[in-house]
Amino acid sequence: MTEPSPSKKMFPAALLLEGRPCLVVGGGRVALRVALRHPDRVRRLVLESVSPGIADASERAERRRTDEERARKIEADLPAFLRQWERMLLFAALDRHGLVEAMVQRRSTNDPAEIARALRGFSPG
C-alpha cells in the first residue's frame, strides 16, 4: 500500500476544526492545497515565499527526477548529502564562518527515510 503524500496528511488538520473558518499559515503548497480544497474552512491564508509548483510539464518532470536523485542520496548517506548541500553558494556565509559541520552534525540526527519521503511528497515537480 502506498503511503499518502505529506500534503494529503495535512488535510485532516483542517477538517478537525469542526467547520469553523481558520487561519492557515505556512507549508507552502500544503497550505495552498488546503485552501483550495476547503475554502469554506479557511478565513485567512498567510503564505511566504511560495509557488503553486512548476507549470511546464517537462520542467516538472525534470524536477521530479532531480528530487528523486536527491532523495536517494539522502537515504544512502545523509551526512554526505548535507555536507554537499550546505556548501552550495546559497549557504556560502555558513561555510566561510565554519558553521557547516555543526549544522551537518545536528541535522544528521534526523531520519533519512522521512526526509527523503518529505522531499518526494513536497517536490514542486
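Student: Among contacts in the protein between residues at least 6 apart in sequence, what percentage join residues at least 24 apart?
Tutor: The model is a predicted one, and a contact here requires heavy atoms within 4.5 Å. Counting contacts between residues at least 6 apart in sequence, the share that joins residues at least 24 apart is 45%.

Student: In which order do the elements of the protein run from the N terminus on?
Tutor: The protein has 7 helices and 2 strands. Read from the N terminus on, these elements follow the order α-β-α-β-α-α-α-α-α.

Student: Which residues of α3 are buried, and where on the helix do they fall?
Tutor: Helix α3 takes in residues 57-76 and reaches 29 Å from its first C-alpha to its last, close to the 28 Å expected at 1.5 Å a residue. Its buried residues are Ala 61, Asp 67, Ala 71 and Ile 74. Seen down the axis of α3, these buried residues fall within an arc of 140 degrees, so they line one face of the helix.

Student: Which exposed residues does α3 carry on the face turned away from its buried side?
Tutor: What covers the buried residues of α3 includes α4 (78-86) and α7 (112-122). On the face turned away from that buried side, the exposed residues are Ser 58, Glu 59, Arg 65, Arg 72 and Ala 76.

Student: Is α3 roughly parallel or roughly antiparallel to α7?
Tutor: The axes of α3 and α7 come within 8 Å and cross at roughly 175 degrees. Angles over 145 degrees count as roughly antiparallel. The crossing angle therefore makes the relation of α3 to α7 roughly antiparallel.

Student: How many residues of the contact of α3 with α7 are nonpolar, polar and charged?
Tutor: From α3 the contact draws on Asp 67, Glu 68, Arg 70, Ala 71, Arg 72, Ile 74 and Glu 75, while α7 supplies Pro 112, Ile 115, Ala 116, Leu 119 and Arg 120. Sorted by type, the residues of this contact comprise 6 nonpolar, no polar and 6 charged.

Student: Is Asp 67 buried or exposed?
Tutor: Asp 67 lies in helix α3, and its relative accessible area is 1%. Because buried means under 20% relative accessible area, Asp 67 counts as buried.

Student: Leaving aside its neighbours within four places in sequence, which residues is Asp 67 in contact with?
Tutor: The C-alpha atoms of Asp 67 and Arg 120 are separated by 6.6 Å, although these residues stand 53 residues apart along the chain. With neighbours within four places in sequence left aside, the residues in contact with Asp 67 are Leu 119, Ser 123 and Pro 124.

Key:
Residues are numbered from 1 along each chain as its sequence is written. This is a predicted model: local features need pLDDT of at least 70, side-chain atom pairs count only at pLDDT 80 or more; totals for chains, interfaces and linings use all residues. Side-chain values use heavy atoms; hydrogens and water are left out. Helices (H or I, at least four residues) and strands (E, at least two) are DSSP runs, numbered from the N terminus. The expected span of a helix is 1.5 Å times one less than its number of residues. Buried means under 20% relative accessible area, exposed over 50%, partly exposed in between (1.4 Å probe, protein chains only). The arc is that of the directions from the helix axis to the C-beta atoms. Axes are lines fitted to C-alpha atoms, for helices over the stretch in contact, and angles run from 0 to 180 degrees between N-to-C directions. Angles under 35 degrees count as roughly parallel, over 145 as roughly antiparallel, 65 to 115 as roughly perpendicular and the rest as oblique. Ala, Val, Leu, Ile, Met, Phe, Trp, Tyr, Cys and Pro count as nonpolar, Asp, Glu, Lys and Arg as charged, and the others, Gly among them, as polar.
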